[in-house]
Amino acid sequence: MNNILPPERLVIASRESRLAMWQAKHIQKLLQDIYPKCEISILGMTTRGDQILDKSLSKIGGKGLFIKELEAALLDGRADLAIHSLKDVPMEMPEGFALSTILEREDPRDAFISNRYASLKDMPEGAIVGTSSLRREAQIRRKYPHLKIVPLRGNLDTRLGKLDNGEFDAMILACAGLIRLNLESRIRERIDPVDSLPAASQGALGIEILASNQTMDAYLAPLKDLLTTLQVSAERQVSRRLGGSCEIPIAAYAKWGDDGVKLDLKALVASIDGQEIVESSQTMSVATMEAAIQLGDQVADDLINKGAMELIAALGK
Ligand SMILES: NCc1[nH]cc(CCC(=O)O)c1CC(=O)O
C-alpha cells in the first residue's frame, strides 16, 4: 500500500443474525491476515428488518431496512466498515455512503430444501413450499402451478425449524447462506439457474464505508474480487434500470464463460403468478466496469422493449 500506514484499529458493523455474524467474522479473519497487528472488532446491531418478522419483506419497505442502523454507526464513527449480503443492499447507495468492496462470490443458486422430497418436480398437488421472495414464487408458479406457496420469514434457523416441525413440505433458500453456516447437507438440490434465475448479486458480500473515507477503501483493496465485481455490477445494473426492489419478481444472473472473458447475462421480470414473463439474455466480452454496466444496460433495454415496465406497472406496487 503506497504511503498509508496500516490500520491500528478497525470496527466492523454487522447485523446480529448467525449468518451476518459469520460474514463479519469471515471478513475480520481476512483483514487480520493482511493486517496482523491491527485490533479488529465486530459491532453487532439489530435492524428494523430483523425486528419485524410477521410481515413479508416486500410489505415493510424492502432492502434499506437491513442497512440503515449500520450506516448510522458508520456516520457517527462507531464503526469503520459495514458488511452486507450484497443482495440486500439497494442499487442506489444513500448520499455519503459507498459500496467499497465486493468479495468473491459463494454459490449464487437457489437451494431446494425438504425432508420429504428430492426436488420441486417430485412434489404432489397442493404440497406447501415456503418462500418470501416474489422472484422465487413467480418462477415456481410458472413451472409448478399445482404447488402451494406460503410466505416465510425469520432467520435461517427459524426457517429450518418450520420445515422440521412439518409446517412446510419444502422451502427455497439461497445456497450461499446454508453453505456459510455449515448447513450444506440440508440442500437437496441446487436449482439450475434456468429453472430459478437467481437474484442480482445473490451469494456475494459487500463492504460499505463512508464515501469520503478513501483510506478505508485502500485498506480493503486486497479483498476486492474483480470477476465477482464485474458479474454483480452487470446484474445490479438491470435491477437499477428497472427500479428493482424486493417488491417485484425480478432476477438477474451473469455467468462467466470458460474463458473468463465473456460474460453471459440473463434477466427476467415476471408476474407473481408466473403466467407472464419477460426475459432477455446477452453475452459480451467484459473486462472493465464500463463494459459490465453496458451489458446490464443492453439487457435492461431489451427487457424494457419487450414490455417489462408495463408488466411491473401491472403489479400495482
Ligand atoms: N433475502 C435474505 C437473504 N439475504 C442474503 C441471504 C443469503 C444469501 C446471499 O448472501 O445472497 C438471504 C437468505 C436467502 O435468500 O435465502
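Lys37 counts as exposed because it has 8 C-beta neighbours inside 10 Å; a residue is exposed at 12 or fewer other C-beta atoms within 10 Å of its own, buried at 20 or more, and partly exposed in between, with C-beta atoms placed from the backbone. This is a predicted model, in which local features need pLDDT of at least 70, side-chain atom pairs count only at pLDDT 80 or more, and totals for chains, interfaces and linings use all residues. Residues are numbered from 1 along each chain as its sequence is written.

- Lys37 sits in the loop between helix 1 (18–34) and strand 2 (39–45); helices (H or I, at least four residues) and strands (E, at least two) are DSSP runs numbered from the N terminus.
- Lys37 and Glu8 are 29 residues apart in sequence, and their C-alpha atoms are 6.9 Å apart in space.
- Leu183 is partly exposed, with 17 other C-beta atoms within 10 Å, and its place is in the loop between helix 6 and strand 9 (187–190).
- From Leu183 to Asp157 the separation is 26 residues in sequence and 9.9 Å in space, C-alpha to C-alpha.
- Arg236 belongs to helix 8 (residues 226–241) and is buried, with 26 other C-beta atoms within 10 Å.
- Not counting residues up to four places away in sequence, Arg236 touches Met91, Ala200 and Ser201; contact here requires C-beta atoms, placed from the backbone, to lie within 7 Å.
- Arg236 and Thr46 are 190 residues apart in sequence and 26 Å apart in space, C-alpha to C-alpha.

**Helix 5**

- In helix 5 (residues 156–164), the buried residues are Arg159, Leu160 and Leu163.
- Seen down the axis of helix 5, these buried residues fall within an arc of 95°, so they line one face of the helix; the arc is that of the directions from the helix axis to the C-beta atoms.
- The buried residues of helix 5 pack against strand 5 (110–113) and strand 8 (170–174).
- Exposed residues Asp157, Thr158, Gly161 and Asp164 are carried on the face of helix 5 turned away from its buried side.
- Gly166 follows helix 5 and has a positive phi, near 90°.

**Nonpolar cores**

- The largest nonpolar core has 60 residues, and Ile12 and Val269 have the most contacts inside it; such a core is a set of buried Ala, Val, Leu, Ile, Met, Phe, Trp, Tyr and Cys residues joined through C-beta atoms within 7 Å.
- Strand 12 (residues 262–270) gives the largest share of this core, six residues.
- This core lies between domain 1 (9–105 + 204–224) and domain 3 (233–308), because both give residues to it; the domain bounds come from an automatic or database domain assignment.
- Leaving aside residues up to four places away in sequence, Val269 touches Leu242, Ile248, Pro249, Ile250, Val278, Leu303, Ala308, Leu311 and Ile312.
- Apart from this core lies another, of 21 residues, among them Leu120, Ile140, Leu152 and Leu178.

**Shell around the ligand**

- Ser85, Lys87, Asp88, Leu173, Ala174, Ala176, Gly177, Gln202 and Gly203 surround the ligand; a residue is near a molecule if its C-beta atom, placed from the backbone, lies within 6 Å of it.
- Strand 8 and helix 6 (175–180) are the elements that give two or more residues to this shell.
- Three residues of the shell are nonpolar, four polar and two charged; Ala, Val, Leu, Ile, Met, Phe, Trp, Tyr, Cys and Pro count as nonpolar, Asp, Glu, Lys and Arg as charged, and the others, Gly among them, as polar.
- Domain 1 (9–105 + 204–224) and domain 2 (110–190) each supply at least three residues to the shell.

Definitions and conventions. Contact = placed C-beta atoms within 7 Å.
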